[in-house]
Amino acid sequence: MTELIVPRRFCGPPDSGNGGWTAGALAALDDADAPHDHGSSWPAIEVSLRRPPPLETPLEVTTEAGVTTASWDGAPVATAHRVDRTLAEVDPVDPAAAAAATSSYPGHTFHPFPTCFACGTEREEGDGLRIFPGAVGEGAAGHRVAAPWTPHASLHEDWHTYVDEHPRASVAATWAALDCIGGWAGDLTERLMVLGRMTARIDALPVVGEPHVVVGEGRGQDGRKTFTAATLYDADGRVVATAEHIWIAVDPAQFGGRTPAAD
């Protein structure tokens with residue numbers, strides 16, 4: 001039996017795990033689909049979050065019929081499995097434009113989860129990712145946002161084996177970098193949402209200390225669901241990883257989040 005623990009550092013809402021980090025950490029335990037060199041290309045893996053991931057709590061991880069499940073107190077928290085479909089990447093944004101866009105990040109004015117590991121404004125440099133996406137115009141599918149991101153040394157992949165002369169960020173950190181930017185490309189400023197499902201493909205883990213650009217795009221709504229996507233580019237404009245998301249609108253009181261009216 002394998003265990004997965006979400007350290008408090010990697011929270012999204014104040015009392016539960018960041019959806020992207022948790023999903024990526026579970027995907028990394030999908031041994032059947034993981035590359036021998038964990039720093040190289042990973043297939044598309046879909047993770048569904050069934051309930052808020054508890055912090056600092058051992059989750060039992062089991063695999064059956066190609067599905068890896070993290071459970072707590074007898075019930076699934078998240079499930080992961082490989083999918084054989086193409087993920088539509090978000091078009092790139094110039095690094096200078098992405099850097100300029102951070103000044104218009106809506107989270108500077110209102111943030112439902114200001115201590116979120118990925119996009120929280122109350123996290124210090126080197127602790128949270130501090131990915132602060134701002135608007136960069138409309139894309140082919142919808143509203144686009146972008147932000148720069150340089151992986152910090154503390155995110156170094158240290159519990160997987162990979163063959164590379166460069167230290168690289170972990171699988172979980174890479175998924176986290178692709179997570180919240182999708183929410184900000186959607187309608188996070190209008191209603192509180194949490195990640196319900198994320199499908200991500202990694203072409204190469206991002207190099208620690210190297211500047212990257214992450215771009216998010218809105219791709220429509222259906223009732224309580226919002227559909228978005230995100231792509232991470234390296235300093236040479238190459239795709240590092242890409243993801244698609246389904247977000248679920250929720251009652252803020254259930255997740256310890258704020259609403260615009262409360263700020």
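**Exercise 1.** Are Tyr 105 and Trp 184 buried or exposed?

*Solution.* The model is a predicted one, in which local features need pLDDT of at least 70 and side-chain atom pairs count only at pLDDT 80 or more, while totals for chains, interfaces and linings use all residues. Residues are numbered from 1 along each chain as its sequence is written, and side-chain values use heavy atoms, with hydrogens and water left out. Both Tyr 105 and Trp 184 are buried (buried means under 20% relative accessible area, exposed over 50%, partly exposed in between, with a 1.4 Å probe and protein chains only).

**Exercise 2.** Describe the ring pair of Phe 10 and Trp 21.

*Solution.* Rings of Phe, Tyr and Trp (its six-membered ring) pair if their centres lie within 6.5 Å, and planes under 30 degrees apart count as stacked, over 60 as edge-to-face and the rest as tilted. The structure holds four aromatic pairs. In one of them, Phe 10 and Trp 21 are stacked, at 4.3 Å centre to centre with 10° between the planes. Both Phe 10 and Trp 21 are buried, and together with Phe 117 they form one aromatic cluster.

**Exercise 3.** Which residues does Leu 129 contact, leaving aside its neighbours within four places in sequence?

*Solution.* With contact meaning heavy atoms within 4.5 Å, Leu 129 touches Phe 117, Ala 118, Trp 149, Leu 155, Ala 173, Ala 176 and Ala 177, once those neighbours are left aside.
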